[in-house]
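Here are my notes on the model, in numbered points. Keep the viewer open while you read.

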Amino acid sequence: MNDKFFQLPAQKQKRILNAAYKVFAQSPYKKASMSLIAYESGVSKSLLFYYFKNKQDLYLYLWIQAIEMTRKTIQAYKTLETDDFFEMLRRSLRSKCALMKEHPYLYAFSLQAYYETEPSIQNLIQDQFHMLSQSSEAIVFERIDRTRFRKKIDLRKMYQEILYAMDGYMLSQFRSDPIVPNKIEKEIMDLIEFWETIYYQKENENGA
């Protein structure tokens with residue numbers, strides 16, 4: 001990409017990124033239009049190609065930025081600085097919803113990218129996605145307090161079940177427009193509270 005992009009005012013950069021996240025989130029890679037991204041962001045198509053040499057260049061930049069912004073937001077919300085698994089989920093949710101308020105289609109883009117079938121980008125996205133997921137899972141299981149859970153709970157299966165449920169919920173919300181982060185946060189918070197009552201020991205079960 002052209003370094004001139006970084007010389008643009010921050011708000012203009014953000015407008016271009018958000019337009020691109022929206023278009024790529026709502027269409028497969030092949031059908032996503034650079035013309036529509038230019039229109040949504042309020043710049044000419046020629047100027048968009050001046051900043052990004054082609055659609056793939058822009059797409060991969062969006063992917064890298066999504067990873068970096070997510071990482072910074074997770075750190076800001078101290079998501080992994082607790083041994084309480086469900087508190088981790090709450091902090092993670094708050095961080096994602098805060099980021100969605102700035103970049104409404106970032107997570108929709110990330111989920112769409114995971115299922116992308118375009119050969120020129122599929123392997124890179126899939127490999128990085130799996131690497132990041134495995135790294136995150138390893139950190140979570142290293143830090144959580146396992147004594148809080150009910151006996152005989154398969155923590156790995158529980159973890160996968162919750163992630164699948166949250167991703168499924170997110171996908172359903174991303175298919176609606178506009179995306180409402182406050183609604184997403186409230187409804188997933190209710191789910192987290194429900195899961196906590198199922199998987200954590202009650203006080204009278206301690207030591208049982």
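1. Which residues in α1 meet which residues in α4? On the α1 side they are Leu 17, Ala 20, Tyr 21 and Phe 24, and on the α4 side Lys 55, Leu 58, Tyr 59, Tyr 61, Leu 62, Gln 65, Ala 66 and Met 69. Contact here means heavy atoms within 4.5 Å. By class, this contact has ten nonpolar, one polar and one charged residues. For the classes, Ala, Val, Leu, Ile, Met, Phe, Trp, Tyr, Cys and Pro count as nonpolar, Asp, Glu, Lys and Arg as charged, and the others, Gly among them, as polar.

2. Some housekeeping. The model is predicted, with local features needing pLDDT of at least 70 and side-chain atom pairs counting only at pLDDT 80 or more, while totals for chains, interfaces and linings use all residues. Numbering starts from 1 along each chain as its sequence is written, and side-chain values use heavy atoms, with hydrogens and water left out.

3. Back to that helix pair, now for the geometry. Helix α1 (residues 10-26) and helix α4 (residues 55-76) pack at about 105 degrees, and their axes are 11 Å apart. That makes α1 roughly perpendicular to α4, a label for angles of 65 to 115 degrees. The axes are lines fitted to C-alpha atoms, for helices over the stretch in contact, and angles run from 0 to 180 degrees between N-to-C directions.

4. Now the whole chain. It comes to nine helices and zero strands, so the pattern read along the sequence is α-α-α-α-α-α-α-α-α, where helices (H or I, at least four residues) and strands (E, at least two) are DSSP runs numbered from the N terminus. The C-alpha trace spans about 70 × 30 × 30 Å along its principal axes. Of the contacts with a separation of 6 or more, 68% are between residues 24 or more positions apart.

5. On burial: 41% of the 208 residues are buried. The cut-offs are under 20% relative accessible area for buried, over 50% for exposed and partly exposed in between (1.4 Å probe, protein chains only). The largest nonpolar core has 63 residues, and Phe 24, Phe 85 and Phe 86 have the most contacts inside it. Such a core is a set of buried Ala, Val, Leu, Ile, Met, Phe, Trp, Tyr and Cys residues joined through side-chain atoms within 4.5 Å. Leaving aside neighbours within four places in sequence, Phe 86 is in contact with Phe 149, Met 158, Ile 162, Ile 192, Trp 195, Glu 196, Tyr 199 and Tyr 200.

6. Ile 37 is worth a click. This residue lies in helix α2 (residues 34-41) and counts as buried at 0% relative accessibility. Not counting residues up to four places away in sequence, Ile 37 touches Ala 19, Ala 20, Val 23, Phe 24, Leu 48 and Leu 58.

7. Next, His 103, in the loop between α5 (85-102) and α6 (106-114). Is this residue buried or exposed? His 103 is buried, at a relative accessible area of 8%. Its side chain makes a polar contact with the side chain of Asn 18 at 2.7 Å. A polar contact is a pair of N or O atoms within 3.5 Å; within protein, one must be able to donate a hydrogen and the other to accept it, and residues adjacent in sequence count only if both atoms are side-chain atoms. Beyond residues up to four places away in sequence, His 103 touches Lys 14, Asn 18 and Met 69.

8. Met 189 sits in helix α9 (residues 181-199) and is buried, with a relative accessible area of 17%. Residues up to four places away in sequence aside, Met 189 touches Arg 90, Leu 93 and Arg 94.

9. Two backbone spots to check. Lys 78, in the loop between α4 and α5, has a phi near 50 degrees, a positive value in a residue other than glycine; at 46% relative accessibility this lysine counts as partly exposed. Lys 152, in the loop between α7 (119-143) and α8 (155-174), has a positive phi of about 70 degrees although it is not a glycine. At 87% relative accessibility, Lys 152 counts as exposed.

Notes. Parallel < 35°, antiparallel > 145°, perpendicular 65-115°, else oblique.
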